[in-house]
Amino acid sequence: MGQSHSIEHGNVVHRCFRCGYCKFPGSYVDFNCPSYKAFGWDTYSPAGRMWLIRAWLNGEVETSPHFAQILYSCVACDNCKDQCVYPAFKDFLPDIFQETKAEMVNEGKIPPVVRDYFKAIAVNGNPYKLPQGERGKWAQGTGLENFSGQEYLFYVGCVGAYDEVGQEMARSVGRLLAHAGVSMGILGSEETCDGNEVKILGETGLFTNLAEENIFKFKKKGIKKIITLDPHALNVFKKAYPGLGGKFEVFHYTEILTGLLREKRVTLSGYKAKVTYHDPCYLGRHNLIFEPPRKVLASIPGLETVEMERNRTGAFCCGGGGGNFFTDMIGPGEDSPSRVRVREALDTGAEILAVACPQCAKMFRDAVKVEEKEGALEILNLAEIVRRARSG
């Protein structure tokens, strides 16, 4: 018999597992749960996790490595919330998973890769274990200047600052916005982790420290408006920072780019290609920003766009959310989310899979290589597609 536990929304757990609608025969045929798709066991589904959490809350299940692996394989895509049929508690489902992880963090019983992720950020300020002084190197040669009172802060985040694919995306977006005359600056080596994944993975103390440091820094510099490269940063800045005293106007770069195209501050000569767009979970389901990226593509003369069968609120996750981009709790198997999504993109006949998130970009580029489809499908961020359209 294990130790009993308590979480804030524990009363919802009982009602959820008693419902069981999503566990009816056939319900999972089109169910958009990435970890369930990857592993195929009920315990990896939302309802299955609720069964486990209920037993764990009652002390019937120990906090074992296997239990932790099941909980941390959740990619926090929010599909379970959107597909749940019980409005009385559907909005609490992601909170329950996060609260359970937080309790496991407090116990010190988390997967080693998650522990190492927290340690890397606590010690180095980023999950790559790279020096803080290298954080602004991505901007070399772009002409972007450090923030000194411009209208916007351009915040790129850990992936944009350190990952090769993320850096490429940060440079293309930064150059495009700057060329269009957007008044913005960067923090360079002063930028610190936004903490979105830290929060989702349950390390509330570390998240609070990161958020409070950023809020203090932003206020001290007089920052009022922020453009984010990464939808994950957009999410945490908009939803978690205000509760800690950090109220800023926050935009994803596609929202800004849509306005620039509408105002003719970015002019396009055209680009002929067939493109399908992937909705990032933290831009789409989490923040309901569906149309700006599509308006960017629709503004390009000669571009043919086609939707994947699962799109907008029903889009299938790339598998990088919930910290899985760094921890890889799901793995690269045939039914891993990124590979499934790449095959869905190929099914449309598109030549290009357009992305608006650096984490999605990296996940899909790796998946295309594993699928051996590098010559059939190109992964491009929206700013790069616009750049091609500018040059004809």
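This is a predicted model: local features need pLDDT of at least 70, side-chain atom pairs count only at pLDDT 80 or more; totals for chains, interfaces and linings use all residues.

Biologist: Okay, so which residues of strand S7 are buried, and which way do they point?
Modeller: In S7 (residues 352–355), Ile352 and Ala354 point one way, while Leu353 and Val355 point the other way, and all are buried.

Biologist: Why is Ile227 called buried?
Modeller: The cut-off is under 20% relative accessible area. Ile227 has 0%, so Ile227 counts as buried. You'll find Ile227 in strand S3 (residues 225–228).

Biologist: What is Ile227 in contact with, leaving aside its neighbours within four places in sequence?
Modeller: Contact takes heavy atoms within 4.5 Å. Among the residues that Ile227 is in contact with are Tyr152, Phe154, Leu177, Met184 and Ile256. Ile256 sits 29 residues from Ile227 along the chain, and their C-alpha atoms are separated by 7.9 Å.

Biologist: Back to S7: what makes S7 and strand S8 a pair?
Modeller: Pairing needs at least two bridges. S7 and S8 (residues 378–381) have 4 bridges, in the parallel sense, so they pair by that definition. In this pairing, Leu353 stands opposite Ile379 in S8.

Biologist: And how many bridges join strand S5 to S7?
Modeller: There are 3 bridges between S5 (residues 273–277) and S7, and these strands run parallel. Here Tyr277 stands opposite Ala354 in S7.

Notes. Residues are numbered from 1 along each chain as its sequence is written. Side-chain values use heavy atoms; hydrogens and water are left out. Buried means under 20% relative accessible area, exposed over 50%, partly exposed in between (1.4 Å probe, protein chains only). Helices (H or I, at least four residues) and strands (E, at least two) are DSSP runs, numbered from the N terminus.
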